[in-house]
Amino acid sequence: MKKRTLTKATKDNFATIAMIVVLYAAVTIAAQAGLINSHLGGLLVPLCVYATMAVSLNLVVGILGELSLGHAGFMCVGAFSAAFFSKVTEASMNTFPRFFLAILVGGIVAGIFGFLIGIPVLRLNGDYLAIVTLAFGEIIKNIMNVLYVGKVGNSIRFSLDSSAAMDMDEMIINGPQGITGTPYDATFTVGFIILLISVIVVLNLVNSRSGRAIMAIRDNRIAAESVGIRVTRYKMLAFTLSAVIAGCAGALYAHNLASLIATPARFGYNMSILFLVFVVLGGIGSTRGSIIAAVILTLIPEVLRFIGDYRMLIYAVIMIVMMIVNWNPKSRAFIEAHNPFRKKEKEVQ
Amino acid sequence: MALLEVRNLAIQFGGLRAVDDFELTIEKGQLYGLIGPNGAGKTTVFNLLTGEYKPTEGIIKLDGQDITGRSTVEINRAGIARTFQNIRLFKQLSVLDNVKIGLHNQYPYPTAAAIFRLPSYFKTEKAMNEKALELLKVFHLEEEADTLSSNLPYGKQRKLEIARAMATNPKLLLLDEPAAGMNPNETEELMENIAYIREHFGMTILLIEHDMKLVFGICEELTVLNFGRTLAQGETREVLANPEVIKAYLGDDED
Ligand SMILES: Nc1ncnc2c1ncn2[C@@H]1O[C@H](COP(=O)(O)OP(=O)(O)O)[C@@H](O)[C@H]1O
Ligand SMILES: [Mg+2]
């Protein structure tokens with residue numbers, strides 16, 4: 001009895017982690033065998049970025065039960081701060097420690113933004129977070145288009161005025177041109193590691209005292225308070241952690257680009273909504289589902305490129321099918337019954 | 001010293017004085033009944049005692065400690081736990097997890113211990129599981145530990161709410177119509193459960209109830225509310241014999 005309740009969650013988590021590892025191994029082997037063309041190869045890092053973003057947003061939407069419409073904003077903050085760090089330290093550090101620290105910087109800076117947004121907004125009950133994150137995402141994107149950071153001698157100067165850029169010796173963030181020449185450090189393996197760590201952290205959180213408190217708030221705030229759970233504290237924990245993960249994903253993203261520009265397509269509202277689509281189609285609250293949805297919806301347009309414009313039609317059909325598969329109670333029960341890890345467990349009993 | 005002392009409690013909603021001049025003294029170990037017609041203000045009294053509503057006037061003391069105006073979380077930590085008339089379970093979580101959430105403050109460990117899966121995580125979780133199952137056994141819910149709480153039948157959901165409240169290790173347990181929607185068998189079982197937690201945990205209970213048989217069977221003392229005011233207070237038998245109570249409370253049936 002006791003054992004079963006412990007292992008049920010553990011086995012489910014194991015299935016999620018196994019899925020990611022198998023996916024990574026399969027892609028690596030396929031690449032060795034020359035089965036992956038350059039087009040698909042170029043998609044591998046973004047795939048990890050999007051899957052990590054889906055894990056991050058699922059923590060807020062599916063597990064905490066709050067709506068964030070500006071998650072691309074956290075990714076943007078992480079991307080720019082990490083790229084900035086790499087540019088500044090490029091001459092003085094080796095690739096490995098530099099990239100490691102850059103990812104950390106991206107995560108921490110995004111986490112600080114998440115924390116600062118959370119302090120006033122997560123105290124309130126209602127849909128305020130959706131409104132504020134929506135604004136945050138747009139504001140960050142616009143600020144990154146007018147932010148100039150450069151070196152004057154040995155010191156670093158900031159400005160929101162393009163004329164200031166004239167006086168700077170060396171530009172690091174160049175307004176609408178963004179950051180160019182960020183070291184090209186991101187690899188599929190690093191992306192895989194970031195995704196894996198994010199998933200392990202989130203799953204370990206969910207299956208713990210703090211994770212249960214977070215889900216209790218989602219399911220019934222008043223009841224959670226009645227059993228002594230400090231609601232704001234756990235909302236802050238979930239939201240800040242989610243921002244940290246998004247920042248790390250952004251750092252990865254930035255080191256995969258020749259030039260990092262805050263275009264609407266990259267960090268705007270549409271991107272935030274795309275992440276939300278991953279979470280919703282993956283079956284809100286399911287980390288594994290979010291990852292699967294992110295992978296499928298990122299690959300489809302590329303895999304179907306050969307049929308031209310019809311691919312968006314297929315894309316739509318696949319979205320509808322995924323929605324039905326993940327949300328229909330019967331198909332959910334079917335998937336549950338055919339989960340290989342669950343099955344083994346039943347046989348054991 | 002009384003466990004709970006309420007003096008001159010009142011709350012105003014716009015023009016409506018939902019509870020007025022409410023006084024209550026409950027001794028340790030007592031099972032006290034709060035009755036009255038629908039809309040009398042019984043649930044509002046619970047919301048005031050648990051800090052859900054802030055009183056317009058009055059003082060609430062638990063174990064001699066003034067808890068008036070404190071937050072729900074602080075009041076729970078001070079020792080008051082409750083159930084809800086309109087059931088409020090953590091619906092997407094298992095029966096066991098619902099009770100473990102009740103144990104939140106009894107078995108603390110840092111979040112980092114969970115994320116890095118340190119020994120303290122495994123140790124505390126194990127103790128937590130054992131304690132939660134022990135509580136579920138009291139309410140004969142241990143077989144359903146893995147069931148989604150929203151899939152439980154109605155009567156068992158009410159019992160799970162009591163188990164969850166008990167998990168916070170309260171000094172005073174507030175039960176808001178625990179027998180509502182239960183069949184006679186389930187009500188019988190509930191009465192046994194209540195007797196059990198009084199006996200084994202020495203629990204002090206304040207009970208809102210509509211089922212007169214239940215009230216008469218187990219409550220030693222009663223307060224009768226009507227339109228937010230106290231109509232009668234005292235020993236159960238005497239209160240129920242009071243003609244005003246009969247008129248106000250049982251009157252609806254005779255109309
Ligand atoms: N938050 C509130 N705002 C306004 N009126 C309320 C509120 N809560 C309760 N009331 C009113 O107080 C009165 C007592 O309600 P309640 O305590 O729920 O009665 P009951 O004795 O049936 O539990 C009712 O008239 C109800 O409409
Ligand atoms: Mg009521």
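Student: Is Cys219(B) buried or exposed?

Tutor: The model is a predicted one, in which local features need pLDDT of at least 70, side-chain atom pairs count only at pLDDT 80 or more, and totals for chains, interfaces and linings use all residues. Residues are numbered from 1 along each chain as its sequence is written, chains are lettered from A and ligands numbered from 1 in the order in which they are written, and side-chain values use heavy atoms, with hydrogens and water left out. Buried means under 20% relative accessible area, exposed over 50%, and partly exposed in between (1.4 Å probe, protein chains only). At 6% relative accessibility, Cys219(B) is buried.

Student: How many disulfides are found over all chains?

Tutor: A disulfide is taken as a pair of cysteine sulfur atoms within 2.5 Å. For Cys48(A), the closest cysteine sulfur belongs to Cys248(A) and is 13 Å away, too far for a bond. The search of the whole structure finds a total of 0.

Student: Which residues coordinate the magnesium ion (ligand 2)?

Tutor: Donors are N, O and S atoms within 2.8 Å of the metal (3.2 Å for Na, K and Ca); water is not among the atoms, so sites may look incomplete. At 2.0 to 2.1 Å, the ion is coordinated by OG1 of Thr43(B) and OE1 of Gln85(B).

Student: Why does this pair tie together parts of chain B that are 42 residues apart in sequence?

Tutor: Helices (H or I, at least four residues) and strands (E, at least two) are DSSP runs, numbered from the N terminus. Thr43(B) lies in helix H1 (residues 42–49) of chain B, whereas Gln85(B) is in the loop between strand E6 (80–82) and helix H3 (95–102) of chain B, so the parts tied together are 42 residues apart in sequence.

Student: What is the relative accessible area of Gln85(B)?

Tutor: Thr43(B) counts as partly exposed, at 25% relative accessibility. Gln85(B) is also partly exposed, and its relative accessible area is 30%.

Student: How many residues of H3(B) are buried?

Tutor: Among the buried residues of H3(B) are Val95(B), Asp97(B) and Lys100(B). The helix is largely enclosed by the rest of the structure, because the buried residues number 8 of the 8.

Student: What radius of gyration does chain B have?

Tutor: The radius is taken over C-alpha atoms, and the globule rule is 2.2 Å times the number of residues to the power 0.38. With 255 residues, a compact globule would have a value near 18 Å; chain B agrees with this, at 19 Å.
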